[in-house]
Amino acid sequence: MKAKYLLILLIAQSLFVFREVVGQDLNILGDTIFVHTDFQVELKFPSNNSIPRWSPTNAPFKAEITNIGILIRATSEATTPAILLITEGPGQQPRQHRFVVMYKKDLQFDSPETIKDWNTKQKLQQYVKDLTAKALAKRDIFSSPISTPTIVKTTENKSGGYYAILEDGDKALENGQFDLAQTKYEEVLKMQPENKSAKRGLQEVKEKKLEKENLAKKELNDKVTKLQTTGTTAFYAKKYDEAIVAYREALALNPNDLFSKSQINTIEKYKADQALAQKQEEDRLAKKQLEDNLKSIKLRGAKSFEEEKYDEAISAYSEALALNPDDQFSATRIETIRKIKAQKKSADEQAAINRDREQSFKSIMADADKAFDNREYDVAKAGYTAAKDLKPTDAVLERKLKATNDKILLKGKDDEYNAAMALGDEAKKIGDYNKAKAEYAKASALFKERTEPVEKTKEINKIINDLAAEQNNEK
């Protein structure tokens, strides 16, 4: 019984729409607009002087007038539709539009249904024309007597005619077998090219296929969007591996997803840069650690050397050489300590063999003098110090010991001078004249009586002046 009443209501509504729409040029009468509570649906008209009215006046909907049209939305999840009457257009001959407004729970804010664009008369006229065509189609469905198809169906089923094929098409359409339904309707049209039921069936198949295709696209887009969101969330949380997994899944669904491709490239470049920076930092820390270790070991060796703990000193400098085989300072210091030990051993043996302190003293002094003459001042100092144990108050020994200490100090200053001169020569050789002059100045400050730094500085100044003169000549 309910189905019968619903059919009667549908027929009546269709006839009402047909009567309201047909014959109108720019008035929309009887169209349905779906709205939601969370966002507004926009209606655009050719004029901006629209006036909305609701029927009933307490309808659960709201209309807001703007400079581009009217914005409407539901104030609650109402199930009862309402009539929206809109007057717009010139003051003398305004247009009258009538809409049925209904709440739709699954309406999406980015759906085409949320913007009704009739902002020109041409768009409005075309929309009314399309609406009229739909109304005429509905009239065709319900204008024929209901009993006629039943009679034809009975007759043609018995003869195995087109109606059985049409019925198979309807069943296939109802079961979602759109390709089969299309085949059946096309068979009917081969038999009856003007069969309206078959044409309507084909149109519905087309719409259903398009709807299915759009739904599949939407589901795909939703999945891709969800994966993109997951990837972006992981990206900002610095969970880069999780982000790449999500973006790659999105690309697997849509190989043309440029956003995911770009994000993957960005993350991979960032990870590569991060890995390079980490490697550089690790290398820097390792180098610093090596330098710190060498410095600590050398300080330990120097302290042992000063305290005449020669074995401990050799052990420390050997550790430094193991870390840096090119450490010439440690190699030289080990050699020096070995000579000192040998001299000390020789002195001890000599004292044991020759109890004559004078003879021992002379022997030690002779070795120390020899070391002094050979500019082995550290060895000489050790010898004089050993001799002092035999003759603590010997004036000659005191002078030689003082001279040796002065030579040691001078040698350090001389090493610094030679290093500055070497750096200056190297800078001069590669054309870094400012650095060369600075190094020569440092060397000259150490030994003002030496003229070599001054002469080399003059040479550099001459080179600079010659270059300037040459540049001026070229200009």
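This report describes the secondary structure, sheets, cores and selected residues of a predicted model.

Residues are numbered from 1 along each chain as its sequence is written, and side-chain values use heavy atoms, with hydrogens and water left out. Because the model is predicted, local features need pLDDT of at least 70 and side-chain atom pairs count only at pLDDT 80 or more, while totals for chains, interfaces and linings use all residues.

**Overall composition**

The protein chain contains 15 helices and eight strands; helices (H or I, at least four residues) and strands (E, at least two) are DSSP runs, numbered from the N terminus. Of its 475 residues, 30% count as buried. Buried means under 20% relative accessible area, exposed means over 50%, and partly exposed is in between (1.4 Å probe, protein chains only). The protein chain exposes about 30,800 Å², of which carbon and sulfur atoms supply 53%; accessible areas come from the Shrake-Rupley method with a 1.4 Å probe, and for residues only the protein chains shown count as cover. Among contacts (heavy atoms within 4.5 Å) with a separation of 6 or more, 57% join residues 24 or more positions apart.

Two strands pair if DSSP finds at least two bridges between them.

| Strand pair | Sense | Bridges |
|---|---|---|
| Strand 6 and strand 7 | antiparallel | seven bridges |
| Strand 1 and strand 7 | parallel | six bridges |
| Strand 2 and strand 5 | antiparallel | three bridges |

Several residue partners can be named. Within strand 7, arginine 95 is the bridge partner of glutamate 88, and phenylalanine 99 is that of leucine 84. Valine 101 in strand 7 stands opposite isoleucine 33. In the other sheet, isoleucine 70 of strand 5 stands opposite leucine 43.

In a regular strand the side chains alternate between the two faces of the sheet. Strand 7 has a covered face formed by Arg95, His97, Phe99, Val101 and Tyr103, and an uncovered face formed by Gln96, Arg98, Val100 and Met102.

**Nonpolar cores**

A nonpolar core is a set of buried Ala, Val, Leu, Ile, Met, Phe, Trp, Tyr and Cys residues joined through side-chain atoms within 4.5 Å. The largest one has 25 residues, and Val35, Leu43, Trp54, Phe61, Ile72, Leu84 and Phe99 touch the most other members. Two or more residues each come from strand 1 (29–35), strand 2 (41–44), strand 5 (69–74), strand 6 (82–88), strand 7 (95–103) and helix 2 (121–143). Apart from this core lies another of 21 residues, among them Tyr317, Ile337, Ile364 and Ala387.

Leaving aside neighbours within four places in sequence, the contacts of phenylalanine 61 include Val35, Trp54, Pro81, Ala82, Val101 and Tyr103.

**Selected residues and helix 4**

Lysine 116 lies in strand 8 and is buried, with a relative accessible area of 17%. Not counting residues up to four places away in sequence, lysine 116 touches Glu42, Leu43 and Lys44. The C-alpha atoms of lysine 116 and isoleucine 33 are separated by 9.0 Å, although the two residues are 83 residues apart along the chain.

Serine 444 is found in helix 14 (residues 433–446). Serine 444 is also buried, at a relative accessible area of 19%, and touches Pro453 and Val454 when residues up to four places away in sequence are not counted.

Helix 4 (residues 162–174) has 13 residues, which should span 18 Å at 1.5 Å a residue; its end C-alpha atoms are 18 Å apart, in agreement. The expected span is 1.5 Å times one less than the number of residues. The buried residues of helix 4 are Tyr162, Tyr163, Ile165, Leu166, Gly169, Ala172 and Leu173. Helix 4 is followed by glycine 176, whose phi is positive, near 80°.
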